[in-house]
Amino acid sequence: MREWVGLVIRLVSGGVLLVAGAVKLPDPGASVRAVRAYDLLPEAIVPTVGYLLPVLEVVVGALLIVGMLTRGAAGLAVVLYLAFSIGIATAWARGLTIDCGCFGGGGQDPDAASKYPWELARDGVLLLASGWLVLRPRTKLALDNRIFAPITLTPEPVAEHRNES
């Protein structure tokens, strides 16, 4: 049963990351503006983070969906969801009214404060779910099971040695 739960978690967490990254890829400038709106990072690294984040989301999401390098991909997903949660929580605490930029967009949003609790709940659930995969990376229908299948060695028969004197 645990392997089936893991499969569902892989598909949901990976699907969210894949979609979130894929919708940002066509407009990398919007991703940079969304990162900048949080006002958390030094300006010198904002463009790098803005351009690389969607790519990282797509790669981690795809790895989770196919079940490849699951423990590592889930660990990266935990870090991403934690960073997203911290960003949203600090924006809320500082009274910023910005779109989270989670699925594209970003910038000012007058209704943002009412969305923050739901966004934090979503990211918190996804963080915990991804943490499950870090602890239990073996899941159904994963490429890991094919590529990194346990090797079972059959012992060779032991030849009898006769001590003839």
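Guide: We start with a definition. Angles under 35 degrees count as roughly parallel, over 145 as roughly antiparallel, 65 to 115 as roughly perpendicular, and the rest as oblique. Keep in mind that this is a predicted model.

Visitor: Why are α2 and α3 called oblique to each other?

Guide: Helix α2 covers residues 28–37 and helix α3 covers residues 46–66. They pack at an angle of about 120°, with their axes 8 Å apart. The angle falls in the rest, so α2 and α3 are oblique to each other.

Visitor: Which hand does the crossing of α2 and α3 have?

Guide: α2 passes α3 in a right-handed crossing.

Visitor: What makes up the contact of α2 with α3?

Guide: From α2 come P28, S31, V32, V35 and R36. From α3 come V46, P47, V49, G50, Y51 and P54. By class, this contact of α2 with α3 has eight nonpolar, two polar and one charged residues.

Visitor: Which residues of α1 and α4 meet?

Guide: In α1 they are R10, S13, V16 and L17. In α4 they are T70, A77, L80, Y81 and F84. Sorted by class, the contact of α1 with α4 has six nonpolar, two polar and one charged residues.

Visitor: How do you know whether D123 is buried or exposed?

Guide: D123 lies in helix α5, residues 112–135. Its relative accessible area is 2%. Buried means under 20%, so D123 is buried.

Visitor: What does D123 touch?

Guide: Leaving aside residues up to four places away in sequence, D123 touches Y81, F84, S85 and I88. Y81 and F84 also take part in the meeting of α1 and α4.

Visitor: What makes the pair D123 and R122 a polar contact?

Guide: The side chain of D123 makes this contact with the side chain of R122 at 3.1 Å. The cut-off is a pair of N or O atoms within 3.5 Å. Neighbours in sequence count only if both atoms are side-chain atoms. The contact runs from side chain to side chain, so it qualifies.

Visitor: Why does D39 count as exposed?

Guide: D39 lies in the loop between α2 and α3. Exposed means over 50%. D39 has 58% relative accessibility, so it counts as exposed.

Visitor: Is A142 buried or exposed?

Guide: A142 has its place in the loop between α5 and α6. Its relative accessibility is 6%. The limit for buried is under 20%, so A142 counts as buried.

Visitor: What does A142 touch?

Guide: Beyond residues up to four places away in sequence, A142 touches R10, V66 and G67. The C-alpha atoms of A142 and E3 are separated by 9.8 Å, though the two residues are 139 residues apart along the chain.

Notes. Residues numbered from 1 in each chain as written. Predicted model: local features only at pLDDT ≥ 70, side-chain atom pairs only at ≥ 80, totals over all residues. Heavy atoms only, no water. Contact = heavy atoms within 4.5 Å. Helix = DSSP H or I, 4+ residues; strand = E, 2+ residues; numbered from the N terminus. Nonpolar A, V, L, I, M, F, W, Y, C, P; charged D, E, K, R; others polar. Axes fitted to C-alpha atoms, helices over the stretch in contact; angles between N-to-C directions. Left-handed = near helix turned anticlockwise from the far one by under 90°. Buried < 20%, exposed > 50% of the residue type's maximum accessible area, 1.4 Å probe, protein only. Polar contact = N/O pair within 3.5 Å; in protein donor to acceptor, adjacent residues only side chain to side chain.
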